[in-house]
Amino acid sequence: MNRTTLSLIAGTTAVAAITGLAALTAPSASGDGTAKAAARLPVEQSRLLCPEPSTSDLAETSYTSFTPVSQGTSGSGKAELTAASAQSADGSDSSQTGQTGQTGTTDGKSGSTGKTGKTGKTGGTDKAGTAKKQADAPTVTLKQPGTPATGDGSGADTPALLGTATGRFAPGWTVQETTQVSAGAGRGLLGTDCTAADTDFWFPGASTAGSRSDYVHLTNPDDSAAVVDIELYGKDGDLKSTVGEGITVQPHSSEPVLLSTLANTQQDDLTVHVSVRSGRVAAAVQALDQKLGGDWLGASTDPGDSLVLPGIPKDATDVRLIAFAPGDSDADLKVRLASPSGQITPAGNDTLHVKAGMTAAVDLGNVTRGEAGSLVLLPGDSHVPVVAALRVLRGKGDKQETAFIPATAPVGTRASAADNSAKGTTLALTAPFGTATVKVTASAGSEGGTAVTKQYTVKGGTTQEVDLPVPSGLKGTYALTVEPVSGGPVYAARTLRADVGGVPGFTVQTLPDDRGTVAVPQAGQDLSVLLKK
C-alpha cells in the first residue's frame, strides 16, 4: 500500500474519531480504480460529557438520555452515563484529580508547569467530598433506541458525568441536563445539552459584572491531562492576563473556572475563547445572576459571515445581542428578525458594527412583540466571520429569568432534543434562506406511550412555533427528533418552561445536526484515486 493511500486512510479515520467511529473497509486487491461516492454509515461510538450542574444545595437535576432509531446499525451496543471522577482506563483511581491548586503536569511548554484554574472552591484534594459525589452520581442507562431513559441528582454533590454509546445506541445519541434551583444566585431553570469533547470554543455573552458569577466548566474524558488556555475579550479588546494560561484539567475530571478570577475589571459583555494546547475537553459556561436567574451558555457555532440564532420565545421581555469578530478585520452586519410572517428589520437596529478583536453588544428590547422569532445576521459590504449569542429575559421585576441562545449550525440530516413534557415544551423552526419541509417525531415516553410523527412546511424567511406532536398514552418525558425532508436549510430550537418558585423559568437548546453518520469510502475502492480528483 503506497504512502498516499495510507495518508487518506489516516485522514478518514481522524474524521471518524471526531464525529464518531464507523467501520472502514480496506481497498480490494483487484486495484479497481473506479471512483465511487463515499457512503454514509452510522457511527459506531459516541461520547458525551455533562458538566457539574450546580453548587446549590437546593438544586434538583434530571438527566434524559435518548437515541433515535437508525437504519443500518448493529443489533448490540449500550449507552451509559457515569460520574466523571471514576476509574481511569488503566484502572488507576482518578478521583483525586481535578481539584484546585498547583499540579505537576506539564502544560505543553518546555520546562513549564500547568496549573488549574481558580474556581472559588477550597483548594487541595478532598477525597471525602469526591467520594460522596461519586456515590451520589446518577447512572443513566438506555434500554433501547427510540425510548428515553432518565436519572436524577440532588443538591450540590452531583458531579460531572461522562458517557459512551456504542453500536445501535451511538448514532444521534443525545443527553439533556436540566436543573431547577428555587433560590439564590442563578435561581430558575438551567438546561444544557451534554456535548462532545473538542479543542476550540467561543462563548459570546459571558460577563464579569458584579451581579454575575460565570464559570467555564472544562471536562476531560481522556486518560491523559488536557492543558487549556482561556482568553477574555471585552468592549475594548483582549483583557490581557496570564492567569488563564496553561490550565490543567486532569484525566476523567471536571474543572470549573470562575471568570472573575481571570480579569481585573468588571464588564457586562464578554466573549470567552477556550483553546486546548494538548488533549481535548468539553466546555460550557454557567452564567449565574443574583437578580436575573441564570442558565448555561453553549458555544457559538464556528465563526461565519452569516449566522442564525433561532427560537426567541414570543413572550421574551428583553433580548440582547452579543457578537465578536475574532479576525483582523471589522465586521458590519445586517440584523434581521425572521418572524412568522417573514424577515423584518428591528426598529433602530438594522446594522451592527463589530470591531476586530472586540465584543459588541446591542439591546434589542422586546424585539419579538408577542410572536416567536429568530435572529439572522447577514454580511454587509464585506464578508467577515463573527460569533454571536443572545441573552433573553422573560418575566418582570424581581420575577425575571435568563436564558441564552448561541448562533447554531442547521439541523442538517437530523437532530434531537430530550426531556420534553406534554406541557411546557415549544419547538421553533426557521428557514431563513428558503421554504423547507420538516418531519418532527415525538418519541415514546420514558415510562410509556407510542411515538407520533407530524410534517410541517416552513416558509422561507419565517420562524414557526409549531403545534407539537405528543406521544399517545404519554407517561414520563419524551424526545423530539427533527428531520428536514426538502427545501432550504432548517434551524431549530427547543424551549422548556417551568414555574420555579413563582419565577417563569425557561431554558433554550438549539438543535444542530446530530452527526449520526460519517462519510466512509465504499468497500473495494482504491483510496489513492481520490487524491487524483
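**Overview of the predicted chain.** The protein chain holds two helices and 38 strands, where helices (H or I, at least four residues) and strands (E, at least two) are DSSP runs numbered from the N terminus. This is a predicted model, in which local features need pLDDT of at least 70 and side-chain atom pairs count only at pLDDT 80 or more, while totals for chains, interfaces and linings use all residues. Residues are numbered from 1 along each chain as its sequence is written, and side-chain values use heavy atoms, with hydrogens and water left out. Of the 533 residues in the protein chain, 54% are buried, a word that stands for under 20% relative accessible area, with exposed meaning over 50% and partly exposed in between (1.4 Å probe, protein chains only). Among the contacts in the protein chain with a separation of 6 or more, 81% are between residues 24 or more positions apart; a contact means heavy atoms within 4.5 Å.

**Close-up of the nonpolar cores.** A nonpolar core is a set of buried Ala, Val, Leu, Ile, Met, Phe, Trp, Tyr and Cys residues joined through side-chain atoms within 4.5 Å. The largest such core has 31 residues, of which L321, L375, L377 and L390 touch the most other members. Strand β21 (residues 331-339) gives this core its largest share, four residues. Another core, of 27 residues, lies apart from it and has L218, V228, V276 and L297 among its members. When neighbours within four places in sequence are left aside, L377 is in contact with D305, S306, L307, L309, L321, L333, K334, V335 and A388.

**Close-up of the aromatic pairs.** Rings of Phe, Tyr and Trp (its six-membered ring) pair if their centres lie within 6.5 Å, and planes under 30 degrees apart count as stacked, over 60 as edge-to-face and the rest as tilted. By this rule there are four aromatic pairs. One of them is the stacked pair of F201 and F203, with 6.3 Å from centre to centre and 15° between the planes. F201 is buried at a relative accessible area of 8%, and F203 also counts as buried, at 0% relative accessibility. Y233 and F324 form a tilted pair, with 4.8 Å between the centres and 40° between the planes. This pair links distant parts of the chain, since Y233 belongs to strand β12 (residues 226-234) and F324 to strand β20 (residues 318-324), 91 residues apart. Both Y233 and F324 are buried, and together with W202 they form one aromatic cluster.

**Close-up of a charge over a ring.** R394 lies over the face of F506, at 5.1 Å from the ring centre; a charge sits over a ring if NZ of Lys or CZ of Arg is within 6 Å of the ring centre and within 35 degrees of the ring normal.

**Close-up of strand β11 and its partners.** Strand β11 (residues 212-220) is largely enclosed by the rest of the structure, because eight of its nine residues are buried. Two strands pair if DSSP finds at least two bridges between them. Eight bridges connect β11 with strand β17 (residues 282-289) in an antiparallel arrangement, and within that pairing D214 stands opposite A287. With strand β15 (residues 253-258), β11 pairs in the antiparallel sense over six bridges, and here H217 is found opposite P256.

Seven bridges join β30 to β32, which run antiparallel, and V440 has K454 in β32 as its bridge partner. S443 lies in the loop between β30 (436-442) and β31 (448-450), where S443 is buried with a relative accessible area of 4%. Apart from neighbours within four places in sequence, S443 is in contact with F66, G146, P148, A451, P471, Y478 and A479.
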